[in-house]
Amino acid sequence: MLKLSCNGLDRVHSLAQCGLVGRPGCAVPRRRGSGTAGFRSPAGRVFPVVVAVKDAAVANRVAEAGTLADRLRLGSLTEDGLSYKEKFIVRSYEVGINKTATVETIANLLQEVGCNHAQSVGYSTDGFATTPTMRKLRLIWVTARMHIEIYKYPAWSDVVEIETWCQGEGRVGTRRDFILKEYATNEVIGRATSKWVMMNQDTRRLQKVSDDVREEYLVFCPREPRLAIPEADSNSLKKIPKLDDPAQYSRLGLVPRRADLDMNQHVNNVTYIGWVLESMPQEIIDSHELQSITLDYRRECGQYDIVDSLTSVETIQGGAEAVPELKGTNGSAVAREDKHEHQQFLHLLRLSSDDGLEINRGRTEWRKKAPR
């Protein structure tokens, strides 16, 4: 019989390192006592292990998490169990015209690491990380706001490590933050923050986060607020004004593909990023790269909705001079800031129907591409 003298979470980590089980989850101690738990090795042999009853929940989660995907996935909880790190290799089909990962690739990796974090602590993958109470009440998480900053884009075959953690956000939702690093150098290449709210899966109406749900996920959150982005000097909290109509640039009649729908039966939040960029002027795409993007999600989009993407230059404080050679799709001269190499745009996604209901508001910042 194998006996471990370290604390409960460390015991489970030790078992995982020995190859007896998959990566550990995390649980809150409830009562003292002792008991015996059995773990199955890759060869199928069962090893009885003496652990405290207070650690039994941890042990059970580990036993349940020992899937093939868990063993192959390059991610795990951090030592304190309050955040999760995972490494990803940038694939050839995830890079774009700049020969680096696209912003949609980055957003998909953020979604993936967030779901894997939730799964590692025992939440369901049915409905993107729903807790037991949420599944009972048919509640799901939906994105309310997403802000991504990219300081350096990874290239094909680069290895990116992403750390993520969640924390409470008042009574109406939760917050999830991310830090992206180049694994080879440990350089921070990006940061992101997102806000999520609960929605009833049947009525499609938003619902406040109940105490039961809060108790289920707050035990896995940092005890003190931890922000990936210093909010005082970024666009992560700035209000996004509604775009004036007519916009300087537009791409009309965008139609969701079947592949754009996710397991919650609506257009996945990453798809909106691509739609926003569809109406960007080609001159900016050619000369600049996206530095940050902020999206406010205001309405669901379904499979049969038709969407218009609108974009206009946002006048930065201090004003900007209009340059004739940059023309909008409506023929108007567009403001361009000559004093700096940065450009800022406002975006609107709306239904193409007569009522033109808002789906999404956005803001993007662009920096001049480095010379090659």
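On a 1 Å grid over the protein atoms alone, a cavity is a set of points where a 1.4 Å probe fits but cannot get out, while a pocket is an open set with protein on both sides within 12 Å along at least five of seven lines, and lining residues are those with an atom within 4 Å of a point. Grid points are joined across faces, edges and corners, and a volume is the space filled by probe spheres set on the points. With these terms in hand, a search of the whole structure finds four cavities of 30 Å³ or more.

The structure on your screen is a predicted model, in which local features need pLDDT of at least 70 and side-chain atom pairs count only at pLDDT 80 or more, although totals for chains, interfaces and linings use all residues. Residues are numbered from 1 along each chain as its sequence is written, and side-chain values use heavy atoms, with hydrogens and water left out.

**The whole chain**

Begin with the cartoon view, where the protein chain shows eight helices and 17 strands; helices (H or I, at least four residues) and strands (E, at least two) are DSSP runs, numbered from the N terminus. Of the 372 residues in the chain, 51% are buried, where buried means under 20% relative accessible area, exposed means over 50% and partly exposed lies in between, using a 1.4 Å probe and protein chains only. Among contacts (heavy atoms within 4.5 Å) with a separation of 6 or more, 70% join residues 24 or more positions apart.

**Stop 1: the largest cavity**

Select Gly114, Ala129, Trp141, Arg176 and Trp196, which lie nearest the centre of the largest cavity, out of the 24 residues that line it. What is the volume of the largest cavity? The volume comes to about 330 Å³. Helix α4 (103–120) gives the most to this lining, with seven residues, and α4, β6 (139–150), β8 (173–182) and α7 each supply at least two. By class, the lining has 16 nonpolar, six polar and two charged residues; here Ala, Val, Leu, Ile, Met, Phe, Trp, Tyr, Cys and Pro count as nonpolar, Asp, Glu, Lys and Arg as charged, and the others, Gly among them, as polar.

**Stop 2: the largest pocket**

Next, select Thr102, Val103, Glu104, Gly274 and Leu277, which lie nearest the centre of the largest pocket, a space lined by 36 residues and with a volume of about 830 Å³. Which element supplies the largest share of this lining? The answer is α7, with six residues, and at least two residues each come from α4, α7 (269–278), α8 (282–287) and β12 (288–297). The lining of this pocket divides into 16 nonpolar, 12 polar and eight charged residues.

**Stop 3: helix α7**

Colour α7 by itself, and you will be looking at a helix that is mostly covered, with nine of its 10 residues buried. The buried ones are Asn269, Val270, Thr271, Tyr272, Ile273, Gly274, Trp275, Val276 and Leu277. Then show the side chain of Asn268, which caps the N-terminal end of α7, with a side-chain oxygen 3.0 Å from the backbone nitrogen of Val270.

**Stop 4**

Move to Asp296 in strand β12, which counts as buried because its relative accessibility is 12%. Its side chain makes a polar contact with the side chain of Arg145 (2.6 Å); a polar contact is a pair of N or O atoms within 3.5 Å, and within protein one must be able to donate a hydrogen and the other to accept it, while residues adjacent in sequence count only if both atoms are side-chain atoms. Leaving aside neighbours within four places in sequence, Asp296 is in contact with Ala144, Arg145, Ile240, Ile359, Asn360 and Arg361.

Now select Ser83, in the loop between β4 (75–77) and β5. Is Ser83 buried or exposed? Ser83 counts as buried, because its relative accessibility is 4%. The side chain of Ser83 makes a polar contact with the side chain of Glu163 (2.8 Å), and the residues that Ser83 touches, not counting those up to four places away in sequence, include His117, Trp165 and Arg226.

**Stop 5: Glu216**

Finish at Glu216 in helix α6 (residues 211–218), whose side chain makes a polar contact with the side chain of Thr133 (2.8 Å). These two residues are 83 residues apart along the chain, yet their C-alpha atoms are separated by 8.2 Å. Not counting residues up to four places away in sequence, Glu216 touches Tyr123, Thr131, Pro132 and Thr133.
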